[in-house]
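Trainee: Could we go through this protein together, step by step?

Mentor: Happy to! Have a look at it before we start.

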Amino acid sequence: MDNQPLSFPEWKDALANAGLNPADETAYRREIITLLKHCKTQHVPVTVELAKQYVEQHEPARSGPVREALRWFVRAARGNAGERKIDAPQGGARSGAAASPSPPARPPKRAVILRPMEPKPAATDLGGPDWEQALVKTMRLRGLLWRTEYSYRAWARRFAAYLAPRSPYAASGKEVQAFLTDLAVQGRASASGQRQALCAIVFLMQEALGRDLGEMDFQRATPRVRVPVFLTQDECRRLFAQLSGTHRLMAELAYGAGLRLMELLRLRVHHLDLERCQLHVKGGKGDKDRITVIPEVLLPRLQEQLERLRPLHAEDRKVGLAGVWLPDGLEKKFRRAGERWEWQWLFPSREASRDPSSGIVRRHHTLDGAFQSAVRKAAAAAGINKRVTPHVFRHSFATHLLEGGADIRTVQELLGHADIRTTQIYLHCIKKPGLGVRSPLDRT
C-alpha cells in the first residue's frame, strides 16, 4: 500500500552492494539522506505516497537523480516476495544484486501531505478528484486564504480516505459525525484540531458539494488551556551567545520584534524602516499587515546585513538568475519586480534552488528547518531545560513587554492578535506589573 510506512535501516549497505558506479552511488545516497532528514524534521514516516509528492516538489521534470534514487529506495525497502532483487535504475548499475530482506512492516499510518513553503500558481493547482475541484473552486470564489485552503484540502483528503471506496458525494451527516468522533476518541485530537476538521468538512459538504448534513451529535475533544513556553531574559542572553552570524541576527530580531517563524523568514528589504525603527510585517497570520518595533541595538547589524546582500543581488542579476518568488497577483502585475532590490529576501538562502511549484531556479529565503535546528542546538548548548523553538521568542517578547509595564492593548497590536483574549494568556507568565513600553531586546 502507498500509505504504509517503509522501514529499511540497512539501506546504506544495500546501496553499497547494488553495483552502482561511484558517482551514481554518491548521488543516490545524498538524495535518500535528504528525504530521510525531511521526514525526521516533519515527524512523518516514509511512505510511497510521500516519496511521490517529494519528487513532484523537487523535480518537476519527473526525471533525474531524485526520482531514480527514491525509486530504488522504495523498491528495495518493499522487498516483496516476488521482487527480492534491488531494481537498480539506469546509469551504470550492474544487474543481479540482491536486496537485503525487509524487516516486518509497522502498523500502517495515514499518509501525511507535504506542506509547501509557498502556494502553487492558482491556474495549475485546481485539485484532483471532482469533489476536490468543487472544493477548490468554492474556496477561491469565497476568497479564502491559501493557508486556509491548504488546511481544508488536507482535511478533505483525510475524510475521503476515511470514506474510501465511497466518494464524499455519497456521504451524509452520520459519516461526518463518525469521522469527528474518531478524531477525538481514536486519534485523541485536540479541541482546536477537531474544530478545524469540523469547519473544513462542513464547508466541503454543504458549501462545495451542496449536501445538507442536518443536526450532528458527535464526541467533542476536551479543550485544554496551555501556558506558553517562554524564556527569561537571562536565558535569552545565554541562547543568543551560542549563535553567531545570520542565525543570531534572526533569533534576536524574532525576539525583539515578536515575529512568527514565517514572518521572520519572509521579510524583504522594503519591510525595514530603519529610520523610524519600524518593521512592516506583510501578509502575516490571517493575511494581515501590522507594524512592530525594531530593537535599536540591531540597527547597525541590520544595515550591515543589507550591505552584505547588495553584492549577492548584483551577482544574481549578472548571471541571469530568476527573480525571487512573488505572490500570483504581484507577479502578474509586476513581472520584473522579483529582480528589484527592494523585493529581495532579508535572509536569503546560500544557494539558488528549484522552485517546487513552478520549476524555476531562483534564490529562496532561508529554510525554516535550518533555523529551527540552529535554535534547538543553541538552547541545548546554553543548558536551557525547556523545549525551545523559534516561536518561543515570540512568547518571550510578549511576556517581557508585559513584565516591563506595557499596556496589554499595545502588546496585542504588536503581536497582531485579533482578540484580546489571545494576548491575555501571557498574563499567566508575567512576574509583576509595571509601566512603559520598549523592545525587551534593548534591555538585554
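Trainee: How many helices and strands does the secondary structure of the protein chain come to?

Mentor: Keep in mind that this is a predicted model. Counting along the protein chain, the secondary structure comes to 17 helices and 5 strands.

Trainee: What percentage of the residues of the protein chain count as buried?

Mentor: A residue is buried when its relative accessible area is under 20%. The protein chain has 444 residues, and the share that passes this test is 44%.

Trainee: Let's zoom in on one helix. What span is expected for helix α5 at 1.5 Å a residue?

Mentor: Helix α5 covers residues 130–142, which is 13 residues. The expected span is 1.5 Å times one less than the number of residues. From first C-alpha to last, α5 reaches 19 Å, close to the expected 18 Å.

Trainee: Which helices do the buried residues of α5 pack against?

Mentor: Start with the buried residues themselves: Trp131, Glu132, Ala134, Leu135, Val136, Thr138 and Met139. Their packing partners are α6 (146–163) and α8 (191–208).

Trainee: Which residue just after α5 takes a positive phi?

Mentor: Look just past the end of α5, where phi is about 75 degrees. The residue with that positive value is glycine 143.

Trainee: Back to those two partners. Are α6 and α8 roughly parallel or roughly perpendicular to each other?

Mentor: The axes of α6 and α8 are 9 Å apart, and the helices pack at an angle of about 80 degrees. Angles of 65 to 115 degrees count as roughly perpendicular. So α6 and α8 are roughly perpendicular.

Trainee: How many nonpolar, polar and charged residues are in the contact of α6 with α8?

Mentor: On the α6 side the contact is made by Ser151, Tyr152, Trp155, Ala156 and Phe159, while α8 brings residues including Gly193, Gln196, Ile201 and Leu204. Sorted by class, the residues of this contact are 11 nonpolar, 3 polar and no charged.

Trainee: Now for another pair. Is the crossing of α10 past α15 left-handed or right-handed?

Mentor: The axes of α10 (residues 245–257) and α15 (residues 390–403) come within 7 Å and cross at roughly 40 degrees. That angle makes α10 oblique to α15. As for the hand of the crossing, it is right-handed.

Trainee: How many charged residues does the contact of α10 with α12 have?

Mentor: α10 also packs with helix α12 (residues 299–318), at an angle of about 130 degrees and with the axes 11 Å apart. In this contact, Thr246, Arg248, Leu249, Glu252 and Leu253 of α10 meet Arg301, Leu302, Gln305 and Arg308 of α12. By class there are 3 nonpolar and 2 polar residues, and the number of charged ones is 4.

Trainee: Which proline is joined to alanine 164 by a cis peptide bond?

Mentor: The bond has an omega of about 10 degrees. The proline sits in the loop between α6 and α7 (173–185). The residue joined to alanine 164 is proline 165.

Trainee: Is arginine 188 buried or exposed?

Mentor: Arginine 188 lies in the loop between α7 and α8. Its phi is near 50 degrees, a positive value in a residue other than glycine. Exposed means a relative accessible area over 50%. With 74%, arginine 188 is exposed.

Trainee: Is leucine 267 buried or exposed?

Mentor: You will find leucine 267 in the loop between α11 (261–265) and β1. Leaving out residues up to four places away in sequence, leucine 267 touches Leu253, Leu259, Leu279, His280, Gln344, Trp345, Leu346 and Phe347. Its relative accessible area is 1%, so leucine 267 is buried.

Trainee: One last one: how many Å apart in space are proline 9 and alanine 77, C-alpha to C-alpha?

Mentor: Proline 9 is in the segment before α1 (11–16), and at 59% relative accessibility it counts as exposed. In sequence, proline 9 and alanine 77 are 68 residues apart. In space, their C-alpha distance is 8.9 Å.

How values were computed: Residues are numbered from 1 along each chain as its sequence is written. This is a predicted model: local features need pLDDT of at least 70, side-chain atom pairs count only at pLDDT 80 or more; totals for chains, interfaces and linings use all residues. Side-chain values use heavy atoms; hydrogens and water are left out. Helices (H or I, at least four residues) and strands (E, at least two) are DSSP runs, numbered from the N terminus. Buried means under 20% relative accessible area, exposed over 50%, partly exposed in between (1.4 Å probe, protein chains only). Contact means heavy atoms within 4.5 Å. Axes are lines fitted to C-alpha atoms, for helices over the stretch in contact, and angles run from 0 to 180 degrees between N-to-C directions. Angles under 35 degrees count as roughly parallel, over 145 as roughly antiparallel, 65 to 115 as roughly perpendicular and the rest as oblique. A crossing is left-handed if the near helix is turned anticlockwise from the far one by less than a right angle, and right-handed if clockwise. Ala, Val, Leu, Ile, Met, Phe, Trp, Tyr, Cys and Pro count as nonpolar, Asp, Glu, Lys and Arg as charged, and the others, Gly among them, as polar.
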